[in-house]
Amino acid sequence: MGRIRVLSPDMVSFISAGEVIDGPWSIVKELVENSLDAAATHIDIEIRGGGIDSVVVSDNGHGIAHDDVPMCVRGHSTSKVRNREDLDTIATYGFRGEALASIAAVADLHILTRTADEEMGSKLVSRVGEAPKITNASRPNGTTVEVTHLFARIPARKKQLGTPKTEGQRVVDVVMRHAMPRFDVGFRLVKDGEVIIDCPPEQSPRDRAVAAWGAEVAPHLAEVYFTKDSITIKGFLARPLVTRGTRAREYLSVHKRPVEDMRLSTAVESAYSTLLMRGRYPVCVLDISLDPLRVDVNVHPTKREVRIKDAEEVASAVRESVRRVLLEPQPSTFGQGPEDILAGPSLEPFLMEEESEKPSSLSSSANRQPTTDAFRLVEGVSLEGVTSETSDDIIRVPTLGGTFRIVGQVHNLYVVLELQEGLLIIDQHAAHERVMYERLRRQMNSGAMPVQELLEPIVLRLQHTDAENVLGLSDVLERMGYSVSGFGGNEILVTTLPDVLGYQVSEKEVTSIVDEILAIGVDHASEHFMDEIVKITACHSAIRAGQPMSKDEIRNLLVAMASTPNRYSCPHGRPTILRISVQELEKKFGRIGH
Ligand code: ADP
Ligand code: MG
């Protein structure tokens with residue numbers, strides 16, 4: 001990297017201006033980005049009191065040459081850009097030459113640094129309002145920056161800071177946002193003496209994701225790799241059993257620069273679509289690369305936002321990259337030894353704890369015993385694989401030696417199954433709704449929607465505009481198996497229905513389906529509209545809540561679920577199956593330690 005120079009006033013005018021130091025998290029962000037720009041392979045971050053008392057960032061990067069040290073804390077001084085053209089293709093995190101100067105304006109700063117070709121390093125001590133002092137000092141090559149007395153002279157700003165706890169959480173978050181895409185670099189974060197993050201350099205992206213999210217998530221991880229028209233999207237996502245209540249675990253970056261961009265987040269979330277419950281968010285790390293000329297990082301002083309040319313194209317590539325992975329059939333454990341089943345993921349929708357500020361890299365939970373996924377016993381199993389034992393209640397999958405017993409139905413609403421490791425509770429309507437939804441989508445995509453001709457067509461009397469609207473949708477409805485035609489006035493004639501609705505559909509039911517279709521508030525030409533019709537049809541064809549089920553019907557439901565993708569959630573994203581383990585029962589009843 002070249003010498004540090006002060007940018008010309010002309011250059012300064014091109015650079016987005018504004019405050020960069022909000023609190024400890026932004027200090028950490030700027031210092032970590034400087035370390036990454038210095039090609040460090042290991043970055044150590046230590047904070048005290050949430051970073052309000054002190055922040056120390058050390059790296060093994062290329063250091064600052066002694067002659068440059070006085071320059072680094074001056075405003076608009078940088079070694080990273082020189083002229084206007086450099087701004088178009090910024091390959092470094094920094095380019096404004098403002099971070100160290102802004103920190104020095106609000107806090108005391110100690111810098112200890114040495115380049116590889118210097119024998120002696122340098123030390124800079126800067127106190128707010130005083131000229132910096134520079135001396136010689138020894139250090140292995142690299143840089144350590146220590147920031148203390150943040151906002152000590154600006155009580156109004158200091159008052160605006162959060163508690164050490166919240167400021168500390170922000171620091172953890174900003175470090176994670178950098179560490180996730182930069183799995184090539186080692187990161188260690190120590191908070192008040194406690195190691196929070198410890199990731200070695202040269203980690204595989206999968207290992208880094210597991211370190212961040214915990215071993216429990218490992219079986220649910222899927223790799224994303226997608227390229228289209230010079231846009232590449234790489235990373236990992238957790239399949240939808242693993243979700244969060246906030247966007248805190250959506251790590252999105254552009255050229256490895258963490259970004260917060262609603263359009264990109266929405267693209268990821270819309271790809272999960274029905275697989276997420278309302279208010280739940282995906283867990284993923286995705287890096288986007290594209291022609292650097294299309295990316296403008298010079299829009300926001302803290303560089304949190306980037307402007308992307310033709311952002312809609314990038315968002316749709318992101319959506320597609322995620323969608324494809326989610327639609328891939330999941331590797332089945334069928335046919336493998338029982339050990340594989342034991343290593344399978346837990347069944348229960350895995351709601352990541354909201355409070356935990358600690359990525360699980362070091363926490364002992366990473367070594368937790370794997371849980372059994374008994375329901376996978378029926379995963380991908382063809383009908384022949386499922387056999388009955390002597391009693392009708394027992395379903396067995398011989399190859400896997402797995403057995404469970406149908407206990408029955410409770411409240412005409414839930415199906416209860418016993419397995420060796422505990423209980424499964426299935427929401428009969430939600431589970432069957434998913435089965436029907438996936439079946440309908442398959443049939444629709446194959447272009448051959450099985451329909452039933454009604455022996456006696458159903459005549460619906462609608463409000464005038466409704467009748468017109470229904471007729472306007474007749475092509476779309478036809479694709480789904482509903483044939484409608486005008487019958488004069490406000491009357492509509494329905495002559496066929498999708499086969500899945502069964503043979504005893506009442507006029508009342510068809511009216512309510514039509515009402516629901518008319519109430520869909522999205523563009524009729526969109527794929528989304530079609531999907532909503534599929535959901536409505538699935539809902540009306542599914543076993544109702546409140547409907548009694550025989551053991552045979554339960555068995556059929558289980559067999560159908562066994563070959564249904566996305567069976568752990570209904571089309572509205574609610575869970576379909578809950579598992580209660582024997583351990584949980586024992587704990588609740590106080591049979592084992594609490
Ligand atoms: P910018 O990163 O925008 O250039 P900064 O104020 O963050 O501005 O840093 C000023 C200059 O100090 C950088 O351009 C770089 O040359 C040098 N510098 C800062 N931190 C480091 C570091 N950790 N290692 C090597 N050089 C650094
Ligand atoms: Mg910088």
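Biologist: At the start of α8, what does a side-chain oxygen of Asp-261 reach to?

Modeller: In this predicted model, a side-chain oxygen of Asp-261 comes to within 2.8 Å of the backbone nitrogen of Arg-263, and this pair sits at the start of α8.

Biologist: Which residues of that helix are buried?

Modeller: Helix α8 runs over residues 262–272, and its buried residues are Leu-264, Ser-265, Ala-267, Val-268, Glu-269, Ala-271 and Tyr-272.

Biologist: And what do the buried residues of α8 pack against?

Modeller: They pack against the strands β12 (231–238), β14 (250–254) and β16 (284–289), and also against the helix α9 (311–327).

Biologist: What follows α8?

Modeller: Ser-273 comes after the helix, and the phi of Ser-273 is positive, near 40 degrees.

Biologist: Changing topic, how many residues surround ligand 1?

Modeller: There are 20 residues around ligand 1, with Asn-34, Thr-78, Ser-79, Lys-80 and Gly-97 being the closest. Of the elements in the fold, β4 (77–78) and α4 (99–106) each supply at least two residues of that shell.

Biologist: How do the residues of the shell divide into nonpolar, polar and charged?

Modeller: Seven of the shell residues are nonpolar, nine are polar and four are charged.

Biologist: Which atoms lie 2.8 Å, 3.0 Å and 3.2 Å from an oxygen atom of ligand 1?

Modeller: At 2.8 Å there is a polar side-chain atom of Asn-34, while a backbone N or O atom of Phe-95 lies at 3.0 Å and a backbone N or O atom of Ala-99 lies at 3.2 Å.

Biologist: How much of the accessible area of ligand 1 does the protein cover?

Modeller: On its own, ligand 1 has 530 Å² of accessible area, and the protein covers 96% of this.

Conventions. Residues numbered from 1 in each chain as written. Chains lettered and ligands numbered in written order. Predicted model: local features only at pLDDT ≥ 70, side-chain atom pairs only at ≥ 80, totals over all residues. Heavy atoms only, no water. Near = heavy atom within 4 Å. Polar contact = N/O pair within 3.5 Å; in protein donor to acceptor, adjacent residues only side chain to side chain. Areas by Shrake-Rupley, 256 points an atom, 1.4 Å probe, with all protein chains shown as cover. Helix = DSSP H or I, 4+ residues; strand = E, 2+ residues; numbered from the N terminus. Nonpolar A, V, L, I, M, F, W, Y, C, P; charged D, E, K, R; others polar. Buried < 20%, exposed > 50% of the residue type's maximum accessible area, 1.4 Å probe, protein only. Contact = heavy atoms within 4.5 Å.
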